[in-house]
Amino acid sequence: MHRLLVLAVFLGCNAPSGREPLVLRIAMWGPLGELAPTRSESALASVAQPWVFERLVTVDAEGQLKPALAARVDRLSVDRMRVELRRDVTFSDGAPITEADTIRSLESGGLKVTQSDGALFVESSQRGLPVDALLLEARVYRESGGKFIGSGPFMVASQTETEIRLTRRTPRAGKINEVRVVAYATPRDAFAHTLKGDTNLIIDLEPRWLEFFRGVPSFQVIRRATRSTDAILFNRSLLRTERLQLARALASQRVRDLAYGPAECAESREVDDADPGLGPGPVLRVLSWGPFERLGLAVHRALGDRAGDLSHLSPQETVSRMKSADFDLVMARPIRWPRSSMALIWRTGSANNIIGYSNPAVDHAIEAGDWDAAEAALQEDPPAAFVCTRDHVAVLDVRIKNPSLGPYDVLEALPDWEVAQ
């Protein structure tokens, strides 16, 4: 690994000439899976969803809904919205987006839709799940010839097990017109190949790896403050008293110091009054994956005598183990913003609640839209230890001018990025 990094630094140190059209090559790790409009917990291809499959709504920096494919969105009540569609948008095959296409798309995302007076009335078909959180997960699409077709600025040109090639539907001067999502076996491989110059964009780096890109003229590092928090999820079979103790011990400054660089986390750096420690009990098996290798090692160390097996798995293996409850502690980054999105993860019976957490007080607060009460109930009966809230970070080609990261999907603004001529 060390020799590969030395070679990578040597080969990647020269700035690109900029004479050829910029092809953005994004380094990912693990099997890509299918690029589909529905979200998969483990499909890495979903990084390209925002450019191919659009939403009716998106969110601004404050977490408020704003129209995207919709021409207008009005909230009628806590759980019901009125949506008017734009008439100037087509799918990538040229077919117009119809009300029927939109209704099918929304219904596949857990929403109930009725049509009246030229508008769609949308509500959740799953009791207790907020309509706005479900709308943010739902993407508009149609099926043709066994393929999913979207309305976004990009379309899939080709796909293999290790690469997805996307091209802009209508090429634009000064913009990115071709993107390739490239899969490597491990995060370290993705990191090393980016440093070498085989790819020119990578996200979700381990903090220690970011230092290798500083001062490399062919790359720039960009950040965006986020409300996403690295966390350690607990097996639902652990007793509440055990989970409370784990939450105190693992969401500690000691674990943050072991896992992250200085000032990497937004949490206060006040020294804990005392090391909370852990009492006696059974050994705990720890799962980590992707960018959480260092956090997994820090947790394993903090467990002391209670540390069991530490396994670093692929995203697919991790999700499988989570669904079968074959773990004690697992690293993750559950959705926490906009605040209504917490319902997708913690509401009893939600499709995204893959660890099976259930608490009537949390459910009641979610149904009432009382997010402060929901947070308080989660603290009283913790499903996880929330460790580190840190920026979204991307390392990308220096030829991209003034790039920005999205408030919801990290690369959602990519179609608007400008390329130096």
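**Questions on the predicted model**

Colleague: How many salt bridges does the count come to?

Modeller: This is a predicted model, and side-chain atom pairs count only at pLDDT 80 or more. Side chains of opposite charge can pair when their charged atoms come close. The cut-off is a Lys or Arg side-chain nitrogen within 4 Å of a carboxyl oxygen of Asp or Glu. By this rule the count is 35.

Colleague: Which parts does the salt bridge of glutamate 123 and arginine 80 tie together?

Modeller: The two side chains meet with N to O at 3.8 Å, and the cut-off is 4 Å. Glutamate 123 is partly exposed at 24% relative accessible area, and arginine 80 is partly exposed at 31%. The residues are 43 apart in sequence, so the pair ties together strands β7 and β5.

Colleague: Aspartate 93 and arginine 142 meet in a salt bridge; how many residues apart are they?

Modeller: Their N to O distance is 2.3 Å. Aspartate 93 sits in the loop between β5 and α3, while arginine 142 belongs to strand β8, and the separation in the chain is 49 residues.

Colleague: And is aspartate 93 buried, exposed or partly exposed?

Modeller: Buried needs under 20% relative accessible area and exposed needs over 50%. Aspartate 93 has 41%, so the class is partly exposed.

Colleague: Are aspartate 409 and arginine 139 buried or exposed?

Modeller: These residues form a salt bridge, with the closest N and O atoms 2.9 Å apart. Aspartate 409 is in the loop between β21 and β22 and arginine 139 in the loop between α4 and β8, so the pair ties together parts 270 residues apart in sequence. For both residues the class is buried.

Colleague: Which residues are linked with Arg72 in a network of salt bridges?

Modeller: Here the salt bridges join into a network. Besides Arg72, its members are Asp74, Arg82 and Glu84.

Colleague: Now the backbone. Which residues are joined by a cis peptide bond?

Modeller: The omega angle to look for is about -10°. The bond joins tryptophan 337 and proline 338.

Colleague: Alanine 325 and asparagine 402 have positive phi values; is asparagine 402 buried or exposed?

Modeller: Alanine 325, with phi near 60°, lies in the loop between α10 and β18 and is partly exposed at 23%. Asparagine 402, with phi near 45°, lies in the loop between β21 and β22. Exposed means over 50% relative accessible area. Asparagine 402 has 73%, so the class is exposed.

Colleague: What covers the buried residues of α3?

Modeller: Asp101, Thr102, Ile103, Ser105 and Leu106 are buried in this helix. Just after α3, glycine 110 has a positive phi of about 85°. The cover includes β5, β6, β7, α4 and β8.

Colleague: Which element supplies the largest share of the lining of the second largest pocket?

Modeller: The second largest pocket holds about 680 Å³ of space. Of its 32 lining residues, the closest to the centre are Pro50, Glu54, Pro153, Glu412 and Pro415. Both α2 and β2 supply at least two lining residues. The largest share, three residues, comes from β2.

Colleague: How many residues of that lining are charged?

Modeller: Asp, Glu, Lys and Arg count as charged. The lining of the second largest pocket has 13 nonpolar and six polar residues. The number of charged ones is 13.

How values were computed. Residues numbered from 1 in each chain as written. Predicted model: local features only at pLDDT ≥ 70, side-chain atom pairs only at ≥ 80, totals over all residues. Heavy atoms only, no water. Helix = DSSP H or I, 4+ residues; strand = E, 2+ residues; numbered from the N terminus. Buried < 20%, exposed > 50% of the residue type's maximum accessible area, 1.4 Å probe, protein only. Contact = heavy atoms within 4.5 Å. 1 Å grid on protein atoms, 1.4 Å probe; cavity = no way out; pocket = protein on both sides within 12 Å on 5 of 7 lines; lining within 4 Å. Points joined across faces, edges and corners; volume = space filled by probe spheres on them.
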